[in-house]
Structure formats: structure tokens, C-alpha cells
Amino acid sequence: MITFILARADNGVIGIDGKLPWHLPADLKRFKALTMGKPMIMGRKTFESFPSPLPGRRHIVLTRDAAWSAVGAEVVHAIEDAMALAGEDATVIGGAEIFALFLLRADRIELTEVHAAPQGDAHVPPFTGWQEVARQDMPDEGDRPAYSFVTLERG
């Protein structure tokens, strides 16, 4: 089972300058709950966006840079190697290039739809051909935009 876990704005933005363009504590809590104890497959930039490796999870980093390494990262250079390390139940957490590489292999998407249109330099297109199986809508709060927790499965 390969599960994507991401937050994406209505305009497709997922990041800017290596950061999220919003701060949604409930989304961060959901991310932690969905990834705890699981191998996470990510690109180098996503790994480098963390202040340090996230506790309780494996960090499998897919990169083209053969010389790159970092404490806490299990470095691979091919999708098949990432899958071999991750095993049966993998989470893919970004960024945009990694989502594109794994899209045809994904079984489920745990998506936070952020109802805003922020500026960004990392984008993910809409997930077409997927079936929505769960949705929880959350209202805006102060300067935080409204958002929805959505679960998608292959249609």
C-alpha cells in the first residue's frame, strides 16, 4: 500500500522556499498520526525542510545526487530501491517531483485541501480519476484558511 500524504492549496501550491505557505496545527497533527511508525519516502528538498529527522519514522530519501547524505536519511537513487526499503506500507510525503514519480503506484491519498491560493514555487496538479471516500471540512479561523481533510482511493 502506497499512501500519499500532503497538503495542497486550491491553486495546486504545496510549498514556497522549502516551507509550507500556511500554518495549520490540525494538519501537522494529522500528518504525524498518519506517518508515525511508518517509512516515509521523500525527496532531498523535503528532507532538508525538516529541522531534524522526525522521531518515530524512517526517512527514505530519493535523490539524483550520488554524493548526498545526511544523518537520519536512508539514501536511494531509484524508485525500486525506495520501495524495497519501505516494504508493504509506505507513505510518500513529497515534494512535487516525488509525487509525480509515484503517482501511478499510489493506492491512497490523504490530502489536506487548503482553501486558499497562496504564492508558491512547488505545485501538484489535481488528482483526477480518484474516488473521494472521506471528507471532513474545517472552517477558517482567524488568519488561518478553511481546509478539508480528504481521503482519495483509486477510482
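**Reading the model together**

Student: What covers the buried residues of helix 3?

Tutor: Covering is read from contacts, meaning heavy atoms within 4.5 Å. For the buried residues of helix 3, the cover includes strands 1, 3 (39–43), 4 (58–62), 5 (73–76) and 6, plus helix 4. Helices (H or I, at least four residues) and strands (E, at least two) are DSSP runs, numbered from the N terminus.

Student: Before we go on, what sort of model is this?

Tutor: It's a predicted one, where local features need pLDDT of at least 70 and side-chain atom pairs count only at pLDDT 80 or more, while totals for chains, interfaces and linings use all residues. Residues are numbered from 1 along each chain as its sequence is written, and side-chain values use heavy atoms, with hydrogens and water left out.

Student: Which residues of helix 3 are buried?

Tutor: Buried means under 20% relative accessible area, exposed is over 50%, and partly exposed lies in between (1.4 Å probe, protein chains only). In helix 3, residues 79–86, the buried ones are Ile79, Ala82, Met83 and Ala86. They sit on the same side of helix 3 because they cover an arc of only 95° around the axis; the arc is that of the directions from the helix axis to the C-beta atoms.

Student: On to strands. In which sense do strand 1 and strand 7 pair, parallel or antiparallel?

Tutor: Two strands pair if DSSP finds at least two bridges between them. Strands 1 and 7 pair in the parallel sense, over seven bridges, with Phe4 opposite Ile109 of strand 7. Strand 7 is also joined by seven bridges to strand 10 (residues 147–154), this time antiparallel, and Arg108 stands opposite Glu153 of strand 10. Strand 7 is mostly covered, with six of its seven residues buried.

Student: How many residues of strand 3 are buried?

Tutor: Five of five. Both faces are covered: Pro39, Ile41 and Gly43 are buried on one side, Met40 and Met42 on the other. Strand 3 pairs with strand 4 in the parallel sense over five bridges, and the partner of Ile41 in strand 4 is Ile60.

Student: Now a single residue. Why does Phe47 count as buried?

Tutor: Because its relative accessible area is 8%. Phe47 belongs to helix 2. The C-alpha atoms of Phe47 and His59 are 7.7 Å apart, though the two residues are 12 places apart along the chain.

Student: Last one: how much space lies in the largest pocket?

Tutor: Rolling a probe the size of a water molecule over the atoms shows where empty space is left. On a 1 Å grid over the protein atoms alone, a cavity is a set of points where a 1.4 Å probe fits but cannot get out; a pocket is an open set with protein on both sides within 12 Å along at least five of seven lines, and lining residues have an atom within 4 Å of a point. Points are joined across faces, edges and corners, and a volume is the space filled by probe spheres set on them. The largest pocket holds about 1,200 Å³. It is lined by 44 residues, and the closest to its centre are Lys45, Thr46, Ile93, Gly94 and Gly95. Helix 1 gives the largest share of that lining, six residues.
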